[in-house]
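Let us walk through one protein model, step by step.

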Amino acid sequence: MNNENNILVEVKDLKTHFPIKAGVLSKTVGHVKAVDGVSFSIPAGKTLGLVGESGCGKTTVGRTMIRLIQPTEGSFTFDGKDVFSLPPDKMKELRQDIQMMFQDPYGSLNPRMTVEGIIGEAMKVHKYASGKERRNRVADLMRKVGLSPEHLNRYPHEFSGGQRQRIGIARALALDPKFIICDEPVSALDVSIQSQIINLMQDLQEQFNLTYLFVAHDLAVVEHISDFVAVMYLGRIVEYADRDELYANPKHPYTSALLSAIPEPDPSRQKQRIPLGGEVPSPSNPPSGCPFHPRCPMAEEQCRHQTQTLSPKGDSDQHQAACWKVK
């Protein structure tokens, strides 16, 4: 989807289907199509925002890429390596370059470990640093994320939610990764703390030339941090574009509806909301044709029977949408 050079991350036709078991013999009677044919690429040092309603499959994309969940089909190429075909020992090596930042700053940290143990654990496992060197590196990482090294021996419950997320960021940086999958890293935080964490992530990205996949449902946050944006609906990407182009000129009716729901900070300005009727269909029984057609105000007969893939819209080949109705 991107013609820029130096592509670090490339995902093609990714599918993650979960079997539905039933009966005494636990036979497979169907599949939940959590991710159903997702493709995108991210240049080194850039951020792709992956957005959509809860349940659209965006978190599953990230967890599948890092092989916390096994893919059903598709490929993920990182820095020229086919990640899904790597044996366990090679995958362990690659995990130094690919890290994940989790949504819950409470549940993602081991309450029985000190901050030093949490941040330094990966260094120990990968034999990256030991002894005094490891302790010094942990202290340096704490400074970089805005925490005091004096608190190395504290436990997670002694920190606020924003501070815990900073610990999670330091843990993700422990092995000098190139690529970080950010799974809604600010959604559990207060709005005032969200901006601090986003600004910190941007500073670290510039400092270490990090590449981000930023998974979120808050389009205001995504606009602030992303270079490119992919909009997901029911396991598929329905629109992809440069950030400024997508926010200024959305093509897919689902994207338009999401953008219309962003709160307007200026009370004197009136925004025309685009309401969506009905519920998101079940990924175990998706509708025929365009998956969005049961809720789309523009749907026609063609939309009910034919599936539209991503194709260029407007003047730019890089602005793509999966919709028959827009040009």
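Is the crossing in which H3 passes H5 left-handed or right-handed? H3 passes H5 in a right-handed crossing. Keep in mind that this is a predicted model.

Start with that pair of helices. Two packed helices are described by the angle between their axes and the distance between the axes. Helix H3 covers residues 115-125, and helix H5 covers residues 161-173. Their axes come within 7 Å and cross at roughly 30°. Angles under 35 degrees count as roughly parallel, so H3 is roughly parallel to H5. Now look at the residues that touch. From H3 come Val115, Ile118 and Ile119. From H5 come Ile167, Ala170 and Arg171. Sorted by class, this contact of H3 with H5 holds 5 nonpolar residues and 1 charged residue, with no polar ones.

H3 has another partner. Helix H4 spans residues 131-144. The axes of H3 and H4 lie 9 Å apart, at an angle of about 120°. That angle makes H3 oblique to H4. The crossing of H3 and H4 is right-handed. On the H3 side, the contact uses Val115, Glu116, Ile119, Gly120, Met123 and Lys124. On the H4 side, it uses Arg134, Arg135, Arg137, Val138, Leu141 and Met142. What classes of residue make up the contact of H3 with H4? There are 6 nonpolar, 1 polar and 5 charged residues.

Helix H6, residues 191-208, packs against H5. The angle here is about 20°, and the axes are 10 Å apart. That makes H5 roughly parallel to H6. The crossing of H5 and H6 is right-handed. Gly162, Gln165, Arg166, Ile169 and Leu173 represent H5 in this contact. They meet Ile193, Gln196, Ile197, Leu200, Met201 and Leu204 of H6. The classes in the contact of H5 with H6 are 7 nonpolar, 3 polar and 1 charged.

Next come the empty spaces. Rolling a probe the size of a water molecule over the atoms shows where empty space is left. The largest pocket has a volume of about 430 Å³. It is lined by 18 residues, and those closest to its centre are Gln99, Met100, Phe102, Ala122 and Arg171. H3 gives the most, with 4 residues. By class, the lining of the largest pocket has 11 nonpolar, 4 polar and 3 charged residues.

The second largest pocket has a volume of about 290 Å³. Its lining has 15 residues. Gly37, Ile237, Gln308, Thr309 and Leu310 lie nearest its centre. Strand E2 (27-43) and strand E10 (236-242) each supply at least two residues of this lining. The lining of the second largest pocket divides into 7 nonpolar, 6 polar and 2 charged residues.

Finish with the cavities. How many cavities of 30 Å³ or more are there? The count comes to 2. The largest cavity has a volume of about 80 Å³. Of its 14 lining residues, Cys290, Cys296, Cys303, Cys323 and Trp324 lie nearest its centre. The lining of the largest cavity has 10 nonpolar, 3 polar and 1 charged residues.

The second largest cavity holds about 60 Å³ of space. Lys33, Asp36, Leu234, Arg236, Pro286, Pro287, Gly289 and Pro291 line this cavity. Sorted by class, they are 4 nonpolar, 1 polar and 3 charged.

Conventions. Residues numbered from 1 in each chain as written. Predicted model: local features only at pLDDT ≥ 70, side-chain atom pairs only at ≥ 80, totals over all residues. Heavy atoms only, no water. Axes fitted to C-alpha atoms, helices over the stretch in contact; angles between N-to-C directions. Parallel < 35°, antiparallel > 145°, perpendicular 65-115°, else oblique. Left-handed = near helix turned anticlockwise from the far one by under 90°. Contact = heavy atoms within 4.5 Å. Nonpolar A, V, L, I, M, F, W, Y, C, P; charged D, E, K, R; others polar. 1 Å grid on protein atoms, 1.4 Å probe; cavity = no way out; pocket = protein on both sides within 12 Å on 5 of 7 lines; lining within 4 Å. Points joined across faces, edges and corners; volume = space filled by probe spheres on them.
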